[in-house]
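Subject: Structure handover

Hello,

Please find the structure below. My notes on it follow.

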Amino acid sequence: MIDVAIVGAGPYGLSVATHALAAGLDARVFGRPMQAWEWHMPRGMLLKSEPDASHLSDPDRRYGLDAFRRYSYGEPVPVETFIAYGKWFRAQTVKDALDESTVTGIGTEGGLFSVTLSSGATLLARTVVLALGFLPFAHRPNALAQLPPEVSSHSCEHHDLSAFAGRHVAVVGAGQSALETATLLVEAGAKPRIVARTPSLAWNDTPDERRSVLTRTLAPRSGLGTGWPSWVWSELPGAVRYLPKAARSHIVRTTLGPAGSWWLKERFDGAVPVTLGVRLEGADHRDAVRLHLTTGRGTVKTLETEHVIAATGYQVDVGRIDILDPNLRRGVSAGGPRPRLSRTFETRVPGLYMVGLAAAATFGPAMRFVHGSDFAARRVTRGLVSQVRKST
Ligand SMILES: Cc1cc2nc3c(=O)[nH]c(=O)nc-3n(C[C@H](O)[C@H](O)[C@H](O)COP(=O)(O)OP(=O)(O)OC[C@H]3O[C@@H](n4cnc5c(N)ncnc54)[C@H](O)[C@@H]3O)c2cc1C
């Protein structure tokens with residue numbers, strides 16, 4: 001029996017494990033380190049977050065990204081470096097408390113959690129932290145539901161885009177993931193086209209290295225970008241939890257909306273054709289994939305392609321966490337598809353915690369980014385220590 005089972009070894013899981021171990025808990029983290037970044041993001045991708053917002057968290061802040069490799073402000077971090085950093089961080093901090101097995105089921109047994117692993121082994125844990133990240137929540141538009149998987153996929157299914165060389169690919173979406181996937185497709189020899197509802201694409205401003213005192217005061221920089229609202233969501237996630245539900249939903253929906261990084265624009269412009277201002281109504285597949293689109297004026301258009309990639313993001317829904325047994329799932333989702341969490345990230349099921357994207361509805365947009373891992377790891381560890389004390 002262990003004190004804490006942490007499911008998922010991404011930035012949040014590794015940070016929570018580091019804090020929990022430092023607090024003297026018998027913690028174990030399950031999953032392959034940085035797996036989502038290594039296998040579910042495109043090779044050649046650059047991080048959108050600034051280097052200073054891309055640190056994993058340890059109690060003394062000794063193992064930040066800058067301890068692994070130094071980047072200056074505005075210098076994009078390649079995904080390959082970030083994966084190597086995550087693995088290095090694990091080697092420094094979590095060490096043998098990592099078990100690379102996948103967790104296949106979580107239930108309860110005699111007041112404890114039973115955690116079943118892909119190896120078939122089961123162990124008991126006093127508490128569980130779900131650090132599952134974004135993969136369970138990939139959102140695919142209903143309009144693509146009729147297409148077979150060989151011609152339709154989600155952006156998170158791709159790692160090596162060279163498989164599309166020479167092929168026409170429609171990329172649905174207008175956020176960083178869509179724009180960068182399309183750019184990397186061109187660079188891999190494919191023929192992509194962006195298809196999106198928005199009438200025009202948005203791009204982030206080039207960061208200004210030299211800013212006056214006045215500009216710095218009026219628009220401070222933070223882990224989530226520039227300006228006071230971003231600063232508040234980035235630095236005070238604990239306060240976001242006290243806002244009314246409607247305000248929190250609005251913030252999570254609208255903060256850092258779909259936009260491409262400034263460094264991507266030059267590579268994208270002129271290289272990727274776009275079909276904007278259209279709604280995807282449906283799709284069928286015979287010899288080619290045909291996307292049925294309508295414009296704002298109701299005109300119907302058909303776009304033919306060989307493959308469609310939905311770069312349409314992620315929507316948290318506890319009902320999709322299939323490793324939880326039905327009773328636990330019902331308990332966690334009693335208030336709706338997005339879990340309502342305590343100030344220490346505990347769900348409505350005592351001893352069961354959730355961090356990362358699943359916590360964004362409670363603590364705001366910082367939880368969607370690596371930057372939020374420091375706040376989450378510190379807070380959740382406080383909760384774990386007190387829960388473990390209670391149960392021993
Ligand atoms: C294309 C893309 C680009 C992004 N770029 C940035 C960026 O530049 N900066 C930034 O801050 N954020 C970025 N994000 C958001 C990013 O996903 C989060 O910041 C970060 O991954 C959160 O860490 P995490 O540990 O919560 O999730 P993840 O990194 O997704 O880690 C969760 C891990 O849990 C594992 N797991 C799931 N289920 C199980 C199971 N049953 N058993 C064992 N393991 C399991 C998964 O395989 C995964 O490795 C990006 C997201 C995408 C999709």
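Domain bounds here come from an automatic or database domain assignment. The C-alpha centres of domain 1 and domain 2 lie 31 Å apart. The assignment gives 2-137 + 314-391 as domain 1 and 142-203 + 259-310 as domain 2.

Before the rest, two points on the source. This is a predicted model, in which local features need pLDDT of at least 70, side-chain atom pairs count only at pLDDT 80 or more, and totals for chains, interfaces and linings use all residues. Residues are numbered from 1 along each chain as its sequence is written.

Domain contact

Domain 1 gives 10 residues to the contact and domain 2 gives 11 residues (two residues are in contact if their C-beta atoms, placed from the backbone, lie within 7 Å). The side of domain 1 that touches domain 2 has 6 nonpolar, 2 polar and 2 charged residues. In these classes, Ala, Val, Leu, Ile, Met, Phe, Trp, Tyr, Cys and Pro count as nonpolar, Asp, Glu, Lys and Arg as charged, and the others, Gly among them, as polar.

Helix α1

Helices are DSSP runs (H or I, at least four residues), numbered from the N terminus. Axes are lines fitted to C-alpha atoms over the stretch in contact, with angles from 0 to 180 degrees between N-to-C directions.

The axes of α1 (residues 11-22) and α4 (residues 79-93) come within 10 Å and cross at roughly 15°. α1 is therefore roughly parallel to α4 (angles under 35 degrees count as roughly parallel, over 145 as roughly antiparallel, 65 to 115 as roughly perpendicular and the rest as oblique). The crossing of α1 and α4 is left-handed (the near helix is turned anticlockwise from the far one by less than a right angle; clockwise would be right-handed). Pro-11, Leu-14 and Thr-18 of α1 meet Gly-86, Phe-89, Arg-90 and Thr-93 of α4. That contact has 3 nonpolar, 3 polar and 1 charged residues.

With α13 (residues 373-391), the axis of α1 comes within 9 Å and crosses at roughly 45°, which means that α1 is oblique to α13. This crossing is right-handed. Residues in the contact include Tyr-12 and His-19 of α1 and Arg-378 and Leu-384 of α13. By class, the contact of α1 with α13 has 8 nonpolar, 5 polar and 1 charged residues.

Ligand shell

The ligand is surrounded by 32 residues, the closest being Gly-8, Gly-10, Gly-31, Gly-133 and Gly-356 (a residue is near if its C-beta atom, placed from the backbone, lies within 6 Å). α1 and α2 (35-39) each supply at least two residues of this shell. The shell divides into 18 nonpolar, 12 polar and 2 charged residues.

Regards
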